[in-house]
Amino acid sequence: MRSIFLLLVFAVCSFASTLNVAAAANAAYVLEEIKSEFIKLHPDAKINITLGSSGKLVAQIKNGAPFDLFLSANIDFADVLYKDGFALNKPVIYTSGSVAILSVRGYEPSLNSLKNKDIKTIIIANPKTAPYGTATIEAFKNAGIYDEIKDKIIEANSIGDALNQTIKAGDIGFVAASALKAEQMLQYTNYAILDGSLHTSIDQAMVILNHGKENKLAKDFYDYLLSKPAQDIFVKFGYKAIN
């Protein structure tokens, strides 16, 4: 009986020290550093981060995926979860991102260059599920070039996949600017930041999910993301701070 009790205590403690986070793919690199700094404050914490496009992560959460915290690439996807009863709180903005135009094949990283006949493939994130892809299409249309280049566009599953495809095979790609600040990406220097006035601001929001209601780590990590130390890390990776 005592052994069963101890096993139950161990199981509860293990659960309480584990945090499962669903995060938009653009945050892959910045979250590595934020996670590392957070664990210094919570040495017993285990944080599992699942990356993907915001829309696909929402679908997983609605289908029962046991995530405690959702970090969306925009407000809308987080708001859907709150309004549909899957989240405990209204979405709170934790940072704001930017799109970068990247070419590892020497093409000029600009919207004008997209009309170049030599450019055959333009990689973007899927605009239906990835807010960075939505912003990119919006910029194309506002710049008046969408109809001329639409046949060149190749949609990747997420903004992370867009980066991988741009590096491996794309003539030019539209990726999260934050990814290019990661140490392993500093070799890619032929990029420019997409004019933010051409698209809706990419304000990224988070919610604590129902599954994280009893998990203190969910609130601790949520609060840490809004703290100055975490915001400084976001800025280091090219995001905009919220405070």
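In the predicted model, helix H5 (residues 131-142) lies across E5, E6, E7 and strand E8 (172-176), and runs at about 130 degrees to E6. Helices (H or I, at least four residues) and strands (E, at least two) are DSSP runs, numbered from the N terminus; axes are lines fitted to C-alpha atoms, for helices over the stretch in contact, and angles run from 0 to 180 degrees between N-to-C directions. Helix H7 (residues 159-168) likewise lies across E5, E6, E7 and E8, at about 145 degrees to E8. Residues are numbered from 1 along each chain as its sequence is written. In this predicted model, local features need pLDDT of at least 70 and side-chain atom pairs count only at pLDDT 80 or more, while totals for chains, interfaces and linings use all residues; side-chain values use heavy atoms, with hydrogens and water left out.

The open sheet consists of five strands in the order E7-E6-E8-E5-E9, with mixed pairing (two strands pair if DSSP finds at least two bridges between them). Strand E7 (153-156) and strand E9 (191-193) are the edge strands, each pairing on one side only. From one strand to the next, the twist averages 30 degrees. Four bridges join E6 and E7 in the parallel sense, and Ile122 has Ile153 in E7 as its bridge partner.

Ser110 is placed in the loop between strand E5 (99-102) and strand E6 (122-125). Ser110 has a relative accessible area of 15% and is therefore buried (under 20%, with exposed over 50% and partly exposed in between; 1.4 Å probe, protein chains only). Apart from neighbours within four places in sequence, Ser110 is in contact (heavy atoms within 4.5 Å) with Ile101 and Ile172.
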